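Hi there,

As promised, I am passing the structure on to you. Could you open it in your viewer and keep it beside you while you read my notes?

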Amino acid sequence: MCWCTQWSTPVFVYSLMASVSASVSDEQTESAASQKREERLRKFRELHILNEARKLNHKEVVEEDKRLKLPTNWEAKKARLEWELMTDEKKKECAAKGEDYDRVKLLEISAEDAERWERKKKKKNPDPGFSGYAEAQLRQYQRLTKQIKPDMDGYERQREQCGEDFHPTSNSLIHGTHVPSKEGIDRMVEDVEKQIEKRAKYSRRRAYNDDADIDYINERNAKFNKKAERFYGKYTAEIKQNLERGTAV
């Protein structure tokens, strides 16, 4: 065998091993670089998320500060203004089309909304209390007019009886000729009795107690004694009892 052949085999093996080790080291280097790149990308995404959260938080803080500086009823006012603007626009559209806005509005209301509004109206207190004689008179007038039920038969009879004077003029003399019916008088008496009964419930007059001790000389003194008893009675109860028994020191 030639000496060249003997030495060439180990050299080839060594060169192959060197190339394999080099490729392994290259793969390890690439994997390490890819891991570092992925780690940097992960950190970058986390920083991006934190930055977005900080921006959103700052935006919410600014919006909340604006809301706190606004009046307490700003939301209600804003909704009211928006509703008024929409109503004005709708009225203009109806006027341009030659339609009645109230009729169009009623057509757009659903049956459920109408029933809910009707129930809400019924829940309202029709008598808010006394605020003035004019308001009380107006409430009384509205209550009486709601109770009126038109009698068409009586209307026709009265029209026949009065003749031309049913629609009076400056020359008509029908004052004092009207005679109310028995049903009308009974209805008026019933209404007056209801008013008296309701007025009695509103009265703040205290009932007189015959068994109460008389410790006053007139009505003004009685009121003063009641006030004094209300404020100082629990402090002077023992003294009063001793005075009544005659054991006061």
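A salt bridge here means a side-chain nitrogen of Lys or Arg within 4 Å of a carboxyl oxygen of Asp or Glu. With that in hand, here is a network to look up: Glu39, Arg42 and Glu46 are linked by salt bridges.

Before the rest, a word on the source. This is a predicted model, in which local features need pLDDT of at least 70 and side-chain atom pairs count only at pLDDT 80 or more, while totals for chains, interfaces and linings use all residues. Residues are numbered from 1 along each chain as its sequence is written, and side-chain values use heavy atoms, with hydrogens and water left out.

The overall picture

The protein has eight helices and zero strands, where helices (H or I, at least four residues) and strands (E, at least two) are DSSP runs numbered from the N terminus. Along the sequence the pattern reads α-α-α-α-α-α-α-α. Of its 249 residues, 5% count as buried; buried means under 20% relative accessible area, exposed over 50%, and partly exposed in between (1.4 Å probe, protein chains only). Among contacts (heavy atoms within 4.5 Å) between residues at least 6 apart in sequence, 21% join residues at least 24 apart.

Salt bridges

How many salt bridges does a search of the whole structure find? The search gives nine. One of them joins the side chains of Glu39 and Arg42, at 2.2 Å from N to O. These two are three residues apart in helix H1 (residues 3-69), so about one helical turn separates them. Glu39 is partly exposed at 33% relative accessibility, and Arg42 is partly exposed at 34%.

Another salt bridge pairs Glu108 with Lys90, whose closest N and O atoms are 3.2 Å apart. Because Glu108 lies in helix H3 (residues 101-108) and Lys90 in helix H2 (residues 74-97), this pair ties together parts that are 18 residues apart in sequence. Glu108 is exposed at 54%, whereas Lys90 is partly exposed at 27%.

In helix H7, Lys194 and Glu190 are four residues apart, about one helical turn, and their side chains meet in a salt bridge (3.8 Å, N to O). Lys194 counts as exposed at 51%, and Glu190 as partly exposed at 45%.

Surface patches

Patches are made of residues with over 30% relative accessible area and no salt bridge; like charges are joined within 9 Å, and nonpolar side chains (Val, Leu, Ile, Met, Phe, Trp, Tyr) within 5 Å. Lys and Arg count as positive and Asp and Glu as negative, with His and the chain ends not counted. A charge is placed at NZ of Lys, CZ of Arg, CG of Asp or CD of Glu.

- Nonpolar: Ile185, Met188, Val189, Val192 and Ile196 make a patch of about 420 Å². Ile196 sits in helix H7 (residues 182-202).
- Negative: Asp151, Asp153, Glu156, Glu160 and Glu183 gather here. Helix H6 (residues 152-162) gives the largest share, three residues. Glu160 belongs to helix H6 and is exposed at 65%.
- Positive: this patch is formed by Lys223, Lys226, Lys227 and Arg230. Arg230 is in helix H8 (residues 219-245) and is exposed at 58%.

Best wishes

Notes
Accessible areas come from the Shrake-Rupley method with a 1.4 Å probe; for residues, only the protein chains shown count as cover.
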